[in-house]
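I opened the model today to look up a handful of points. My notes follow in the order I took them.

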Amino acid sequence: MSDRLPGFSTLAVHAGAQPDPTTGARATPIYQTTSFVFNDADHAASLFGLQAFGNIYTRIGNPTNAVLEERVAALEGGTAALAVASGHAAQVVVLQQLLQPGDEFIAARKLYGGSINQFTHAFKSFGWNVVWADPDDIASFERAVTPRTKAIFIESIANPAGSITDIEAISTVARKAGVPLIVDNTLASPYLIRPIDHGADIVVHSLTKFLGGHGNSIGGIIVDAGTFDWSTGGKYPMLSEPRPEYHGIRLQETFGNFAFAIACRVLGLRDLGPALSPFNAFMILTGIETLPLRMQKHCDNAKAVAEFLAGHPAVAAVNYAGLASDPYHRLARKYAPKGAGAVFTFSLKGGYDAGVSLVSKLQLFSHLANVGDTRSLVIHPASTTHSQLDDAAKVKSGAGPDVVRLSIGIEDKEDLIADLEQALSA
Amino acid sequence: MNHDAYPDNYIRGILNNVKSIAMVGASPANVRPSYFAFKYLAQRGYDMIPVNPGHVGKELLGKPFVASLSDIGRPVDMIDIFRNSSHIMPVVEEALTLDPLPMVIWMQLGARDDAEALKAESVGIKVVMNRCPKIEYGRLSSEISWMGVNSRTLSSKRAPVPTQGMRLCLNRMSVGGGETAASDRAAKNKTEQS
């Protein structure tokens, strides 16, 4: 037994999965069951008291989901993970562990529109107050820090324009403020960027996107980097203080460097309830096995399409960090050298009307509200994903009225370019 | 030994080789981590000895408490110290008077005393600090994967169904410490600051 480090593709296929103990099944079985029998009363009590490893009830954990959790933890370089019903659920569960009513968290202004909305309205009703900062101006994060700040939230590759965030610079701000840095790594996937390597303490994903990759299953995941010390100053009582739900256990003391993932499971998922279906976990796991192959093709196609658009007379501007002329190109080369992702925006000289016309004429691109599918997708963010924002916020988040967003799939790039060409010229 | 990041082979070698473990600070309160770590290790086939002067005359899962290491009265392979860092010193000092010496001194999650570790290592004792043997056993056997933990190991072999008293195979292919290097680095920085 020598200690060596398998490569990313090996982990994408193997991490967390082992032939089934009872049947020998090699593919991960779908444990489509609500509950698991106990050996005896003592075993049941040990499991409920967090004293033994094992399964109780699928809302708290499931063996299929556990494979998915270990796989993503391994790919991200974290100590543990927790799968939940959606990316949005992941965000609720993470912040529930960190914030008490009246607390604040700082979030990058450039985010998925649904996150902006969730933070602004739903979280406000919990007493969790978001303070916005500009990911292109690191000092704006420093200025936003107050004694009530409990976390900083950013996207590695930001929706919708595919801009690249300087994770290391913001992690320095977080460390100085003594708060964890949460990175939504959905648009990059760990194949392109591993935020933990750059100072993230918590990584969240919408598994729905590139990780699952086939547009068939909603899911979310939380990865614990194991890097944050939750015990200092009583700032994070969910982790540092005795938990009455569990006979006075202190989670950090008991679980060490994966205490945050356990808190998310036993205080978040268990009480809030957004469990992932084992069937979805199976579908997403199958997707992850080909993540490295797909992600490279997504990126290569995206670059070719972006270059085509940049040279087209009807196009006013292309925002894709993979283009040498893009303001985020330097950050893309540092953080995502294998490719700048496959989600980006462009604007047409004909403005809003030209965008609407383009979308209606495309034959291969599907007009829908998702990204990270095998299929190429197109949407007009201002009227859909970012429609809940006011006009100024739309522009600030990169979703102005003239902007069209593409998510490039893994078809042949020549066909994607031909489709765009006919739709632009018609 | 670099006590910031242990190679899996080091931990694996210890857990594969020791048979008896004296747990200093074992608690009879069934909600304390020491209780359930004791219970887990006993279930995995280790010969467990509870050491706690406050509970002499009582038993922990059928094993009589002893007051101190010198009261065990027989050789012991490993001493697992379930005390805070500030209480490590006297336990190690006592361990160093045992004849024969223990093979391993293990300090629990959160506990670390580099000076005592060095002293023990200088007489050939292997030392592990700031780790939990239950978590490490669960990790190397992949049993802990049920909680979404990154075991940092891979295996294409069929897993056994764990039963009472069963020792699990710890010899899975290791992914090394590298995959959770960030956590190890953070622990190291914390040690250097304190």
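In which helix is Phe255(A) found? I traced Phe255(A) to helix H10 of chain A, residues 251–255. I keep in mind that this is a predicted model.

**Sheet in chain A**

I then went through the strands. Seven strands of chain A form an open sheet with mixed pairing. I wrote down the order as S1-S9-S8-S7-S4-S2-S3. Which strands stand at the edges? I found strand S1 (80–84) and strand S3 (129–133) of chain A there. Each has a single partner strand, so one side of each is left without a neighbour in the sheet. From one strand to the next, the twist averages 20°.

I looked at one pair within the sheet. Strand S2 (residues 104–108) and strand S4 (residues 149–155) of chain A run parallel and pair over three bridges. I noted one bridge by residue: Ile106(A) has Ile152(A) in S4(A) as its partner.

**Two helices in chain A**

Two packed helices are described by the angle between their axes and the distance between the axes. I looked up both values for helix H13 (residues 291–310) and helix H17 (residues 413–425) of chain A. The angle is about 30°, and the axes are 10 Å apart. Angles under 35 degrees count as roughly parallel, so I log H13(A) and H17(A) as roughly parallel to each other. The crossing of H13(A) past H17(A) is right-handed.

Which residues meet there? From H13(A) I list Asn301(A), Ala304(A), Val305(A), Phe308(A) and Leu309(A). From H17(A) I list Lys413(A), Leu416(A), Ile417(A) and Leu420(A). By class, this contact has seven nonpolar residues, one polar and one charged.

**Chain B against chain A**

Last, I turned to the two chains together. How many residues of chain B are in contact with chain A? I get 41 residues of chain B, against 50 residues of chain A. Four helices of chain B each supply at least two residues to the side that touches chain A: H1 (8–17), H2 (33–43), H5 (133–141) and H6 (181–193). H6(B) gives the most, with four residues. I sorted that side of chain B by class: 19 nonpolar, 15 polar and seven charged residues.

Methods: Residues numbered from 1 in each chain as written. Chains lettered and ligands numbered in written order. Predicted model: local features only at pLDDT ≥ 70, side-chain atom pairs only at ≥ 80, totals over all residues. Contact = placed C-beta atoms within 7 Å. Nonpolar A, V, L, I, M, F, W, Y, C, P; charged D, E, K, R; others polar. Axes fitted to C-alpha atoms, helices over the stretch in contact; angles between N-to-C directions. Parallel < 35°, antiparallel > 145°, perpendicular 65-115°, else oblique. Left-handed = near helix turned anticlockwise from the far one by under 90°. Pairing = 2+ DSSP bridges.
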